Amino acid sequence: MADDSDALATRLQRLEDLEAIRRLFQDYRRSLDGKDFRGYADLFAVDGEFIAGPDGSIRAKGREAIFALVDGMRGSLLTEQTGDDVHVAVNDRIDLDGDSASATSTWVYVVRGDGDVPDVSKVGRYIDTLTREDGSWKFLRREAPCDIPLV
Amino acid sequence: MSAEDAVLARLQRLEDLAEINQLFLEYSRHLDARDMYSYSQLFCEDGEWTGRTGSAVGPKQIQEMLEANLSPNPPAPGATSWHIVANPTVTLDGDRATAQVAWVLIRRGEDDQPTVAMLGHYDDVLAREHGRWRFKRRQANPDIPHNRVSR
């Protein structure tokens, strides 16, 4: 019976981990679009890393460096005004391995275009390594290559 | 709380989240099919829908208001409206919940081309009524464009 309840707890934990990681992806998108870049940086592990741009040319490691990087994107890679850009995060695929996980997902970056119409500006992927740190799932590494446009 | 009760509570939480996410998809499916009766049944007896199209309280009133105000979705030569549901964040609190979820409205454009017509988000209050999760309040907020009626 003890074995049964252990097995049940393990199965529950797996589902809870998947749910917590999906929530992390949404917290990421929401803090990014809300221009809450401190909250965004806190979603990374202490030695977490963010990588983007052609050949991974845009990168930062550690929360302070990640904050500075993303804060610097305002008005260039991100819109100046909150509400003028939205990341749509879909196609989550998550593989759990104890206190680690790997995942891929799709991001669609929509901005307010001329004439106040939605403009699908970019489409890309997230390639993630996740870790459970102090009981919470965090990004150990998030790579965000852009697929359209390629350059 | 006994160990068994704790496991049951964790399971209930995951089931609640799954049912609420399913509710979001049913809403979108009935809306695109313009089946406003089935759509209205997703609301609590005193559930409220509010947005640029109008406001109404109660399933019957919501159905009548939307049938009067919502643009039709002509069946031939094919459907014209697809609400893509994305970016759900659900916060549970017993028999109540709050949520935010995005929609991307894709329409059949000129020359039979898909166009992203609108992007917005719902602010939801949900309640468990007669054992099922329903919308207590759904507020539809168009984000891009800001200046057109939500359809």
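**Between the chains**

Q: Which residue does B:R10 form a salt bridge with?
A: B:R10 pairs with A:E16 in a salt bridge, and the closest N and O atoms are 2.8 Å apart. Please keep in mind throughout that this is a predicted model.

Q: How many salt bridges are there between chain B and chain A?
A: The count between these two chains is two salt bridges. Polar contacts across the interface come to 10 residue pairs, with both partners at pLDDT 80 or more.

Q: Which parts of chain B supply that side?
A: In chain B, α1 (3-32), β3 (81-93), β4 (96-108), β5 (114-129) and β6 (132-144) each supply at least two residues of the side that touches chain A. By type, the residues on that side divide into 14 nonpolar, six polar and four charged.

Q: And what area is buried between the two?
A: About 2000 Å² is buried between chain B and chain A, with carbon and sulfur atoms giving 59% of it. On the chain B side, the residues that lose the most area to chain A are B:R10, B:N87 and B:I144, which together make up 32% of what that side buries. Counted as contacts, 24 residues of chain B meet 25 residues of chain A.

Q: Switching to the inside: which residues touch the most other members of the largest nonpolar core?
A: That core has 30 residues, and those touching the most other members are A:Y28, A:Y40, A:F50, A:I66, A:L130 and A:F139. Several elements of chain A give two or more residues to this core, including α2 (37-41), β1 (44-52) and β5 (118-133), while α1(A) gives the most, with six residues.

Q: What is A:F139 in contact with, leaving aside its neighbours within four places in sequence?
A: Among the contacts of A:F139 are A:L24, A:F25 and A:Y28, along with A:L43, A:F44 and A:L130. There is also a second, separate core of 28 residues, and B:M36, B:L42, B:I62 and B:W103 are included in it.

Q: What does the side chain of A:D17 make a polar contact with?
A: That polar contact is with the side chain of A:W137, at 3.3 Å. A:D17 also takes part in a salt bridge with A:R132, where the closest N and O atoms are 3.0 Å apart. Since A:R132 sits in strand β5 and A:D17 in helix α1 of chain A, the pair ties together parts that are 115 residues apart in sequence. A:R132 itself is partly exposed, with a relative accessible area of 24%, and a network of salt bridges links A:D17, A:D99 and A:R132.

Q: Last topic, α3 of chain B: which of its residues are buried?
A: In helix α3 of chain B (residues 59-69), the buried residues are B:P59, B:I62, B:Q63, B:M65 and B:L66, and what covers them includes α2 (36-40), β1 (43-51) and β2 (54-57) of chain B.

Q: And where do B:E64 and B:K60 lie?
A: Both lie in that helix, four residues apart, about one turn of the helix, and B:E64 forms a salt bridge with B:K60, the closest N and O atoms being 2.9 Å apart. B:E64 is partly exposed at 44% relative accessibility, whereas B:K60 is exposed at 55%.

Key
Residues numbered from 1 in each chain as written. Chains lettered and ligands numbered in written order. Predicted model: local features only at pLDDT ≥ 70, side-chain atom pairs only at ≥ 80, totals over all residues. Heavy atoms only, no water. Contact = heavy atoms within 4.5 Å. Buried area = accessible area lost by both parts, 1.4 Å probe. Salt bridge = Lys/Arg side-chain N within 4 Å of Asp/Glu carboxyl O. Polar contact = N/O pair within 3.5 Å; in protein donor to acceptor, adjacent residues only side chain to side chain. Nonpolar A, V, L, I, M, F, W, Y, C, P; charged D, E, K, R; others polar. Core = buried A, V, L, I, M, F, W, Y, C linked by side-chain atoms within 4.5 Å. Buried < 20%, exposed > 50% of the residue type's maximum accessible area, 1.4 Å probe, protein only.
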